[in-house]
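Biologist: Please take me through one part of this model slowly, as I am new to reading structures.

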Amino acid sequence: AANLSFSYTDNPGKSFAAMGLSVGIGSCVVMDFLIRSELPEEVAAKAVSGLEKVIAEHFDAELQRLQNFHSWRVFVWENEVDQLPVLRLAVMLKPETSIDFVLKQLGVALRFHEMLVDLNCELHFSHSLTEMLESKKFTLDENFGSGLSASIVVARKILVRLAEELQYCVEEKAAGANVEFEERKESYGWAHARTKDALEGKFKGAASADIQEMTITGYKEEPRTETDAQFAAKEASASGWRRFVWRSVNLLRGGKASTMELSFRSVGELLFQSALARSLLPSWVTPDIVEQPGALATIWKRMTESITKHVNEHWATILAFEDIEQRARDDEERRRLEREAKMSNKERKRLAFLEEKRQLAEKLRKLGIETTDDLEEEEDLTQKPAEYARHLKEKQMGSERLLLETYEATWDAVCALHSVQVVSGGNKVLLALQGCDIFELLPQPMKSPPPPRYKQA
């Protein structure tokens, strides 16, 4: 089951604090994953730590590029609606992203909750997701049933007026640009006609293109980048969109309440009776999926077996590389000890001093303190192709190990996607889910092997 609802609060700062989010934000997207019952705190903490490392390594750079991005956070919290423990993933934006602030900047003297007064949608299914994907007797056409009910209350007159003004603005801007273009083109034609004879008499033998450049009118025809067919299709699409907008506005203006009812006798009728619906389906969706008992379970079993196979193959690759790397490091350590045994005390002290400098520079960098080149003295691996390739391979294997360990930790800690919230200022849209046990359906990951000795050190 799923429930979509809208709510408003006069104190968004207090609402953000109750959600465990940072101060000084305007909007956020929050995903809650339901934590397994009687879960030890250290298991949840391990999942949080793994997710933080994965996001920092793979997603943080992309998130920082988002306009008005503020921060992200992963933490354990209690859901505000039912007080269940959840693992919360939040992406937060700066205060200027609040929808009420944006409306104010656009000159709209209304708040969002004054236009969308109430929203409540409920979607129910006859069977849980787990039963549909695991039962060998389940048939979509015979057993599946669902129902959707929605209630939306809007400020009809305000929205109609606002939509009209926005559409008028778009159309007036386009019409004004066309008029200006035609006027400049006509002025150019007059200026060119007036000066053509004089220029031809003064510059005998001049080409027509040269004469055209000599007439200074301020008009320059844009280069042609579309064929006539493409331009006509673009105009037809824009015209169709304008008609759709005006029909929607007139529908909203003319009805205080609307009721819509759609019913289908079976899933097969919904998916395959309409040519339009069939054209949107992927190639692997066939009538057998909805007619044969256990078809979904068979497909899902193949997918889970494929996931397990790929996970095991990645672990085999990682462990093979780590074994080779450990042996190489052991050989390097043995050769280093042999060299040190032949060194003088003065040379040993010099090498120990250089190692202390390197460790000091590393500590200072972790504290955010800039270090001089004399302290750093890092080796440029790009000048050594073999060492650089080895470094990149080690980094790749470390990243893959982190992903697999995080998958295991997350599977151990959470069982379902609980809710998704979109909050902007005091406005909140909440999608609450029941029975979305995605982690129960995913294959249980293998126990992560311990890291090699060189990583433990």
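In which helix do Arg327 and Asp323 both lie, and how many residues apart are they?

Modeller: Arg327 and Asp323 both lie in helix 14, which covers residues 295–341, and they are four residues apart, about one turn of the helix. Before going on, note that this is a predicted model, where local features need pLDDT of at least 70 and side-chain atom pairs count only at pLDDT 80 or more, while totals for chains, interfaces and linings use all residues. Residues are numbered from 1 along each chain as its sequence is written, and side-chain values use heavy atoms, leaving out hydrogens and water. Helices (H or I, at least four residues) and strands (E, at least two) are DSSP runs, numbered from the N terminus.

Now to that pair. Arg327 and Asp323 form a salt bridge, with their closest N and O atoms 3.2 Å apart. A salt bridge here is a side-chain nitrogen of Lys or Arg within 4 Å of a carboxyl oxygen of Asp or Glu. Asp323 counts as partly exposed because its relative accessibility is 42%. The scale is simple: buried means under 20% relative accessible area, exposed means over 50%, and partly exposed is in between, using a 1.4 Å probe and protein chains only.

Because Glu338 and Arg334 are four residues apart in helix 14, about one helical turn separates them. Glu338 is partly exposed at 42% relative accessibility, and Arg334 is also partly exposed, with a relative accessible area of 42%. Salt bridges that share partners also join Glu325, Arg329, Glu332, Arg390 and Glu394 into one network.

Glu165 is partly exposed, at 38% relative accessible area.

Helix 8, residues 156–202, also holds Glu186. On the surface, Glu186 gathers with Glu180, Glu182 and Glu183 in a patch of negative charge. Patches are made of residues with over 30% relative accessible area and no salt bridge, with like charges joined within 9 Å and nonpolar side chains (Val, Leu, Ile, Met, Phe, Trp, Tyr) within 5 Å. Lys and Arg count as positive, Asp and Glu as negative, and His and the chain ends are not counted. Each charge is placed at NZ of Lys, CZ of Arg, CG of Asp or CD of Glu. Glu186 is partly exposed, since its relative accessible area is 43%.

For a nonpolar patch, look at Met260, Leu262, Phe264 and Leu270, which have about 490 Å² of accessible area together on the surface. Such areas come from the Shrake-Rupley method with a 1.4 Å probe, and for residues only the protein chains shown count as cover. Phe264 sits in the loop between helix 10 (228–254) and helix 11 (267–272), and its 45% relative accessibility makes it partly exposed.

One last stop is Ser98, in the loop between strand 4 (85–93) and helix 4 (99–105). Ser98 is buried because its relative accessible area is 11%. Leaving aside neighbours within four places in sequence, Ser98 is in contact (heavy atoms within 4.5 Å) with Gly26, Ser27, Ser424 and Gly425.
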